[in-house]
Amino acid sequence: MAIRISSLVLLLGAYATLVAAQCPQVHVFGARETTVPPGYGTAGSVVSAIQSAFPGATAEAITYPACGGQASCGSVSYANSVIQGVTAVANQVNSFNTQCPNTVLVLVGYSQGGQIFDDAYCGGGDTNEGLSSTAIPISTAAQKKIAAAILMGDPRHIPGLSYNVGTCQASGFAPRPTGFQCPYAANIQSYCDSADPYCCNGSDANTHQGYANEYGSVALTFVKNKVNAMLSGTGGGSPPVSSTTSAPGGGSTGGAGGGGGTAAHYAQCGGIGYTGPTVCASPYTCKVSNAYYSQCL
Ligand SMILES: *[C@@H]1O[C@H](CO)[C@@H](O)[C@H](O)[C@H]1NC(C)=O
């Protein structure tokens, strides 16, 4: 009996290792705008660009109505759609984080999709849509793994937030209350221009649909910096738990790093501009992904 139990423990251990090995370094959640078919909607090109920047990165779309009362999306009211969306974000992000607790997460939301990420990541409730709970529905553990959130045409826009990008100086149709602060402001970019009728007070719907083209490349640069910082343990969220186990640096081995210590499993261990440890914790080795990024695998 004792032998059988120890065999079972070994099997479970091997299974856990296998599952962890299948977890990507980066996972992207995308949420589409109102009335477009299920998928990423106009957030799609930004989601793809992030995946291309981090080889092996995976992505999933938030499953929610994305409706504003239209028959084509089941006549679900905008408010009901947002509330379902916020719940879906929390469920999908928390579930993924439970399976892959070390994976760095990115959120990309377009219009109503931006609103549900804004509500789910920043909390504060959304009285515009009848969401009265002010709690952040994403788990504490998962919050700490979100490196960046890209919001495009978010109707919750108000002027003056530190993460606003674009020409809009007015509020969207579902604005945050005056004085609102997001606890994760440093990880967010919210793109909105003055001609936009939904996140701002303009009248040009084409402006609202143009953000992926207009801001896609600056959004990608922001995400790359935030993700790389979190992967190397210097990011805005909590560093990966395992990276705190680095040994004291007893003399540099030279090379690009030389910061001493070891890089944890999945952490960055090299690349142009990288200054952290270049030696991986046993038994992992430093594998080159591209000129800017090597990872302990
Ligand atoms: C939009 O709001 C800004 C800031 O309050 C204001 O200056 C501008 O005139 C408004 N534009 C329109 C079209 O109402």
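Ser 111 is buried, with a relative accessible area of 7%. In this predicted model, Ser 111 occupies the loop between strand 3 (104–110) and helix 4. From that position, the side chain of Ser 111 reaches the side chain of His 208 in a polar contact of 2.8 Å.

Across the whole structure, a search finds 4 salt bridges. Side chains of opposite charge can pair when their charged atoms come close. Arg 176, with a relative accessible area of 3%, is buried.

Another salt bridge joins the side chains of Arg 156 and Asp 119, with an N to O distance of 2.9 Å. Arg 156 is in the loop between strand 4 (146–152) and strand 5, whereas Asp 119 is in helix 4, so the pair ties together parts that are 37 residues apart in sequence. Arg 156 is buried at a relative accessible area of 2%, and Asp 119 is buried with a relative accessible area of 2%.

Asp 119 also forms a salt bridge with Arg 176, in which the closest N and O atoms are 3.7 Å apart. This pair links distant parts of the chain, with Asp 119 in helix 4 and Arg 176 in the loop between strand 5 and strand 6, 57 residues apart. Both Asp 119 and Arg 176 are buried. Through shared partners, salt bridges join Asp 118, Asp 119, Asp 126, Arg 156 and Arg 176 into one network.

A search of the whole structure finds 7 aromatic pairs. One of them consists of Phe 29 and Phe 96, an edge-to-face pair with 6.1 Å from centre to centre and 90° between the planes. This pair links distant parts of the chain: Phe 29 lies in strand 1 (residues 26–31) and Phe 96 in helix 3 (residues 78–99), 67 residues apart. Phe 29 and Phe 96 are both buried.

The rings of Tyr 121 and Tyr 184 are arranged otherwise, with centres 4.6 Å apart and planes at 10°, so the pair is stacked. Tyr 121 is in helix 4 (residues 112–122), and Tyr 184 is in the loop between strand 5 (164–165) and strand 6 (188–191); the pair links these distant parts of the chain, 63 residues apart. Tyr 121 and Tyr 184 are each buried. Elsewhere among the aromatic residues, Tyr 110, Tyr 191, Tyr 211 and Tyr 215 form one aromatic cluster.

Thr 35 has a positive phi of about 75°, although it is not a glycine. Thr 35 is located in the loop between strand 1 and helix 2 (44–53), and it is partly exposed, with a relative accessible area of 36%. Ser 75, likewise not a glycine, has a positive phi of about 60°. Ser 75 is placed in the loop between strand 2 (58–61) and helix 3. With a relative accessible area of 47%, Ser 75 is partly exposed.

There remains the ligand. Its surroundings consist of Gln 169, Ala 170 and Asn 201. An oxygen atom of the ligand lies 2.3 Å from an N or O atom in the side chain of Asn 201. Taken alone, the ligand exposes 360 Å², of which the protein buries 27%.

Key:
Residues numbered from 1 in each chain as written. Predicted model: local features only at pLDDT ≥ 70, side-chain atom pairs only at ≥ 80, totals over all residues. Heavy atoms only, no water. Near = heavy atom within 4 Å. Polar contact = N/O pair within 3.5 Å; in protein donor to acceptor, adjacent residues only side chain to side chain. Areas by Shrake-Rupley, 256 points an atom, 1.4 Å probe, with all protein chains shown as cover. Phe/Tyr/Trp six-rings, centres within 6.5 Å; stacked < 30°, edge-to-face > 60°. Helix = DSSP H or I, 4+ residues; strand = E, 2+ residues; numbered from the N terminus. Buried < 20%, exposed > 50% of the residue type's maximum accessible area, 1.4 Å probe, protein only.
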